Amino acid sequence: MAMPEWLRLRRAQPVSAEDAAQWTKCPSCGEMIYRPDLAANLWVCPRCAHHFRMHAFDRIAMLVDTDFTEIGGELIPGDPLGWTDKVPYPQKLERDREKSKLTEGIVCGFSSIGGFPVALGVMDFNFRGGTMGTVVGERIVQLFERARERKLPCIVFTASGGARMEEGMLALMQMAKTTLAVRRFQDEGGYYLSVLTDPTTGGVSASFAFQADVVLAEAKAAIGFAGRRVIEQTIRQKLPENFQTAEFLLEKGALDMVVTRAELKDQLVRLLDYGVGAKQQPRVPAEVRA
Amino acid sequence: MNVIVERERGLLELEQRIAELKAQAAQQPVDMSAEIAALEGKYAQIQREIFGTMTPWQRVNMARHPKRPLGSQYIAALDQFDELHGDRHFRDDHAIIGGFAKLKGRRVMAIAQDKGRDTKEKVYRNFGMPSPEGYRKVIRLVKLAAHLGLPVVTFVDTSGADPGIGSEERAQAEAIAQSLYELADARIPVVATVIGEGGSGGALALALADRVMMLEHSVYSVASPEGAAAILWGDAARAEEAASRLRLTADDLVRFGIVDEIIPEPLGGAHRDPDAIITRVLDRVDVALAQFVGVDPDVLLDRRYAKFRRIGAPS
């Protein structure tokens with residue numbers, strides 16, 4: 001597949017110094033993988049099927065038919081609390097912008113998937129651990145508001161450590177703000193699919209991630225409310241390996257389905273097909289009438 | 001050790017001496033009024049020194065004070081209360097108390113988080129950390145309130161949602177997400193008051209409200225100071241430093257437009273006069289509810305949307 005123009009522009013510079021290195025080690029099985037092979041395999045380890053965390057724009061390129069029009073990209077975070085810990089917050093943001101070539105932890109916009117026009121939001125763990133601050137919240141709300149106006153289905157990929165501490169309560173309030181936007185979108189007939197990717201925790205899992213009409217998860221993704229370490233400290237024992245995985249949650253009844261990355265696009269297209277315009281479908285389906 | 005409890009110790013000793021002197025004075029013909037007045041003056045001075053200006057960390061400790069009035073006390077002070085139990089799926093979560101109530105004659109749905117006072121009660125209430133069942137009970141009660149047209153009144157006091165294995169197995173994140181989702185479109189007024197600790201998403205799940213109030217020395221935070229310190233510096237002991245940065249005090253949150261009203265506490269904190277503070281809170285809730293009477297539900301929902309929509313929006 002030829003690289004679309006918008007993606008090529010994004011990729012004018014190498015993403016990081018790491019990118020120059022052509023080999024990468026699978027964190028799960030230790031296999032050394034030639035990076036172009038890894039990319040061609042949708043960032044899934046060819047040996048053990050470990051799903052690497054994906055860059056938001058790689059994810060978008062993997063899903064969309066052709067074009068992607070970004071919205072809210074001009075919004076960048078300020079420093080409302082004047083926050084400093086080891087380094088000042090603005091420095092952390094600058095570092096993450098350089099590292100990830102993103103302006104925030106989510107990319108939102110419009111495109112089409114399998115011929116279905118969609119509003120699409122993709123979080124990226126490379127930017128502040130995908131944490132939700134005011135700009136992430138604002139971009140999500142704008143996405144849902146515009147999807148509501150344009151009567152488009154909305155798909156959001158989550159990857160997040162939760163609310164962003166450096167923006168304090170303003171970050172926590174984004175849970176309420178996004179919830180209100182999602183609710184209004186759905187109340188007016190909007191169709192919302194969420195795909196929980198590794199990892200989805202805290203304030204993001206406890207808001208828009210688990211408010212979708214259909215909640216999917218990528219294979220092996222870590223999903224939960226409290227972080228694994230917090231739970232281990234609380235109960236003072238080691239947790240089983242599969243705890244808080246997508247497969248574990250599927251078994252517990254918390255998810256609609258777990259999909260591998262290879263199946264993902266086809267699965268989304270099938271789900272879009274069930275929901276989009278279903279209210280307008282003829283009362284007797286064509287195959288019965290024939 | 002709670003830093004407020006520590007600082008109070010000297011005051012309590014002084015208080016005791018004053019009481020002893022007064023008792024002596026009542027029995028003996030000697031005039032001790034000058035001595036008593038001097039001690040009382042000293043007492044007032046120390047009290048002002050300790051509580052006049054409090055650091056964020058001191059407020060965290062005040063919010064966690066072992067004698068601080070608890071959710072169940074606010075519930076008990078209502079004119080009438082009929083508890084409704086359980087989530088209809090798994091069990092009744094005792095960290096959240098909810099039910100039909102009358103507040104100054106007004107029919108409401110009252111919902112409170114409660115940490116428990118003594119050890120036995122704390123265990124019973126899971127230290128005020130709700131499990132998914134607690135939030136599912138909230139969802140059920142909010143639905144019922146909307147069905148009958150009763151306003152919802154919540155009292156928030158939790159260090160956070162329960163982080164245990166069982167809570168994760170029963171999808172804590174989904175329960176909180178759905179509690180927010182229910183409140184987002186509940187066609188009745190919702191008034192939330194943070195009476196102690198507003199611990200992150202576990203608190204917000206009861207506070208997506210038309211009016212959000214805080215007691216003067218309560219705190220409301222994106223993460224506990226200990227949790228934040230552990231993440232930032234790998235050292236939970238730096239909680240005091242984290243508390244000073246998180247902007248978790250009522251003053252900060254009013255400035256950010258997140259909290260609408262601060263309810264003042266007596267000098268020395270709410271526990272110095274629980275009855276007075278509980279009465280004051282219920283009065284303020286009543287005033288807030290009165291403002292929503294007769295407001296069209298569509299208008300109410302539009303305002304609720306706008307209230308949160310502007311938080312963190314580009315100016």
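Two strands count as paired if DSSP finds at least two bridges between them. Strands (E, at least two residues) and helices (H or I, at least four residues) are DSSP runs, numbered from the N terminus. Everything here comes from a predicted model, where local features need pLDDT of at least 70, side-chain atom pairs count only at pLDDT 80 or more, and totals for chains, interfaces and linings use all residues. Residues are numbered from 1 along each chain as its sequence is written, while chains are lettered from A and ligands numbered from 1 in the order in which they are written.

**View 1. The open sheet of chain A.** Follow the strands in the order β3-β4-β5-β6-β7-β8-β9 and you have walked across a sheet of 7 strands with mixed pairing. At its edges sit β3 (68-71) and β9 (257-259) of chain A, each pairing on one side only. Neighbouring strands are turned by 25° against each other on average, direction ignored; axes here are lines fitted to C-alpha atoms, for helices over the stretch in contact, and angles run from 0 to 180 degrees between N-to-C directions.

View 2. β3(A) pairs with β4 (residues 106-113) of chain A in the antiparallel sense, over 4 bridges. Look for Ile71(A), whose bridge partner in β4(A) is Cys108(A). Helix α11 (residues 261-275) of chain A packs on the sheet, and β4, β5 (116-123) and β9 of chain A are among the strands it touches. The direction of α11 makes about 65° with that of β4(A).

**View 3. Where chain A meets chain B.** Here 42 residues of chain A are in contact with 42 residues of chain B; contact means that the C-beta atoms of two residues, placed from the backbone, lie within 7 Å. On the chain A side, α7(A) gives the most, with 15 residues. That side divides into 23 nonpolar, 12 polar and 7 charged residues. Ala, Val, Leu, Ile, Met, Phe, Trp, Tyr, Cys and Pro count as nonpolar, Asp, Glu, Lys and Arg as charged, and the others, Gly among them, as polar.

**View 4. The two domains of chain B.** Domain 1 (3-53) and domain 2 (61-309) come from the domain assignment of chain B, and such bounds are automatic or taken from a database. Their C-alpha centres lie 36 Å apart. The contact takes 5 residues from domain 1 of chain B and 7 residues from domain 2 of chain B. On the domain 1 side, α1(B) provides the largest share, 3 residues.
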